[in-house]
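Work through each task first, then compare your steps with the solution.

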Amino acid sequence: SSTGGADWILQQPITTLNEWVELSFDPNLPAFEGAQQPAAGNIYEKVVLFFDFGTAFPSDQTYYLDDIIVEQAITCSPILDFETPATTTNFQYFGSSLDGMLSSNIANPNATGINTSATVLKFTKPANSQTWAGAASNPFPATAVDVTGGGIIKVKVHSDHVGNLALKLEA
């Protein structure tokens, strides 16, 4: 991170199907790989997404993502919500037949429940991707992921199958 912290990755299960669900990532917990250090106390520039980390599928899988925020006791800092240029970025695919291509921002395909926003990120994991295939923010979000005060990182996701999302923060 820009404050000297190690890369951080944490994974959360997706168990609710065909509706928006909010996943919470606690930066006070150690990463599950690498230096296995917590992210809390650091500022990160790059966001990396891994849907169904560790899993391969025989067919393409589509996911939707919205509203990456850092929620602290007093404040809530939006990082990405895909609604304005200041809160939107592209994600560049790696580890699959989409290497180097950019994900797309689309109209919310299910503007109901906890997510009625107009625009979301569409993420595709192609058939026979590497199990570690994902996408990294490119360019970096305009607002860094600041967890110097701890808090919880929250992400809204939508999927048609049970799986997981691994969120990685890098310098």
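**Exercise 1.** Find the residue with which E170 forms a salt bridge through N and O atoms 3.6 Å apart, and work out which parts of the chain the pair ties together.

*Solution.* Keep in mind that this is a predicted model.
Step 1: the partner of E170 is K46, and their closest N and O atoms are 3.6 Å apart. That distance qualifies because the cut-off is 4 Å between a Lys or Arg side-chain nitrogen and an Asp or Glu carboxyl oxygen.
Step 2: E170 belongs to strand β13 (residues 163-170) and K46 to strand β4 (residues 46-51), so the bridge ties together parts 124 residues apart in sequence.
Step 3: check the surroundings. E170 has a relative accessible area of 16% and is buried, while K46, with 22%, is partly exposed. The two fall into separate classes because buried means under 20%.

**Exercise 2.** Describe the salt bridge between D67 and K156, then count the salt bridges in the structure.

*Solution.* Step 1: the side chains of D67 and K156 meet with an N to O distance of 3.0 Å.
Step 1: D67 sits in strand β5 (residues 61-71) and K156 in strand β12 (residues 152-159), so this pair links distant parts of the chain, 89 residues apart.
Step 2: D67 counts as buried at 15% relative accessibility, and K156 is buried too, at 14%.
Step 3: the count comes to five salt bridges. Look as well for the network of salt bridges that links E22, E71 and K154.

**Exercise 3.** Now turn to the rings: how many aromatic pairs does the structure hold, and how are the planes of F51 and F123 arranged?

*Solution.* Step 1: there are eight aromatic pairs.
Step 1: the ring centres of F51 and F123 are 4.9 Å apart and the planes meet at 50 degrees, so the pair is tilted.
Step 2: F51 is in strand β4 and F123 in strand β9 (residues 119-125), so the pair ties together parts 72 residues apart in sequence.
Step 3: F51 is buried, with a relative accessible area of 0%, and F123 is buried with 1%.
Step 4: ring pairs also link F32, F50, F53, F94 and W132 into a cluster.

Technical notes:
Residues numbered from 1 in each chain as written. Predicted model: local features only at pLDDT ≥ 70, side-chain atom pairs only at ≥ 80, totals over all residues. Heavy atoms only, no water. Helix = DSSP H or I, 4+ residues; strand = E, 2+ residues; numbered from the N terminus. Buried < 20%, exposed > 50% of the residue type's maximum accessible area, 1.4 Å probe, protein only. Phe/Tyr/Trp six-rings, centres within 6.5 Å; stacked < 30°, edge-to-face > 60°.
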